[in-house]
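Colleague: I have some questions about how the labels on this model were assigned. Please set each value against its cut-off.

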Amino acid sequence: MKKLFLLAIATAFGTFGYAQKPYTNSKFKQLSGGHKLIAILPADVKITYKAQPRYFDYEANRDKETELAYKVQSALYTFLLEREMKNVISFQDLEKTNILLKRAGMIDSLSSFTKEEVAKALGVDAVVSENYEVEHFNARTDRTKPAPMERPSGLTDPATITGAATLTVTLNNNTSGDLLWRFYVNERDYDVFSTMDMIERLAKKPVKNFPYSK
């Protein structure tokens with residue numbers, strides 16, 4: 001019985017991943033009291049391989065990291081919008097966020113600027129940043145995510161991608177850059193059809209714990 005219980009726990013962690021307890025600034029209510037508009041930034045993405053492909057293309061890998069930076073940003077934005085009625089704040093349109101970042105010369109070097117500098121350039125009260133790291137256990141080609149009714153069964157078409165992934169989401173104040181909130185989640189052994197499956201699975205978890213509420 002004990003072995004079965006431990007196996008169930010291990011299976012649960014392997015299936016659903018691990019979510020660290022969120023950090024919330026002790027002065028969150030005081031610092032966020034006047035917040036009305038929040039921007040979600042493109043993610044900082046790193047893609048690695050447990051066994052690097054024989055014909056590994058560094059430039060193509062960088063291009064894929066850039067592509068995923070916007071996919072993580074978009075996924076988080078979409079899920080947060082779905083919860084917007086429950087929140088007391090709104091989110092800046094992604095297209096506007098990225099255009100303003102580009103005009104400010106920040107879009108390709110966000111890590112070179114402080115959070116308050118980024119928030120000032122965007123004209124928002126706080127910024128959400130994401131760090132997404134993924135290690136592929138195989139080198140299979142990723143696919144465009146199909147509609148649920150178009151997706152083949154796992155018995156006839158095995159998952160495209162296996163590996164491990166982590167997502168860290170942070171929220172920083174606009175005036176001081178203070179860290180207001182942080183959420184970390186990882187999938188230590190995933191098996192998915194596409195990259196977006198993994199991103200969406202991880203992105204839903206911090207959204208459920210986002211600190212603003214009525």
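Modeller: pLDDT is the predictor's confidence in each residue, from 0 to 100. This is a predicted model, and the mean pLDDT of its chain is 82. Of the residues, 76% reach 70 or more.

Colleague: Where is confidence lowest, and where highest?

Modeller: Helix α1 (residues 2-16) is lowest, at a mean of 39. Helix α4 (residues 94-103) is highest, at 98. Over residues 149-156, pLDDT stays under 50.

Colleague: What makes E67 and K64 a salt bridge?

Modeller: Their closest N and O atoms are 3.6 Å apart. The cut-off is 4 Å, so the pair qualifies. Both residues lie in helix α3 (residues 58-82), three residues apart.

Colleague: Which residue also meets E67 in a salt bridge?

Modeller: K71 does, at 2.8 Å from N to O. K71 and E67 are four residues apart in helix α3, about one helical turn.

Colleague: Why is K71 called partly exposed?

Modeller: Its relative accessibility is 27%.

Colleague: What links E187 with R201?

Modeller: A salt bridge, with the closest N and O atoms 3.7 Å apart. E187 is in strand β8 (residues 179-192) and R201 in helix α6, 14 residues apart.

Colleague: Is E187 buried or exposed?

Modeller: Buried: its relative accessibility is 0%, and buried means under 20%. R201 is at 30%, so R201 counts as partly exposed.

Definitions and conventions
Residues numbered from 1 in each chain as written. Predicted model: local features only at pLDDT ≥ 70, side-chain atom pairs only at ≥ 80, totals over all residues. Heavy atoms only, no water. Helix = DSSP H or I, 4+ residues; strand = E, 2+ residues; numbered from the N terminus. Contact = heavy atoms within 4.5 Å. Salt bridge = Lys/Arg side-chain N within 4 Å of Asp/Glu carboxyl O. Buried < 20%, exposed > 50% of the residue type's maximum accessible area, 1.4 Å probe, protein only.
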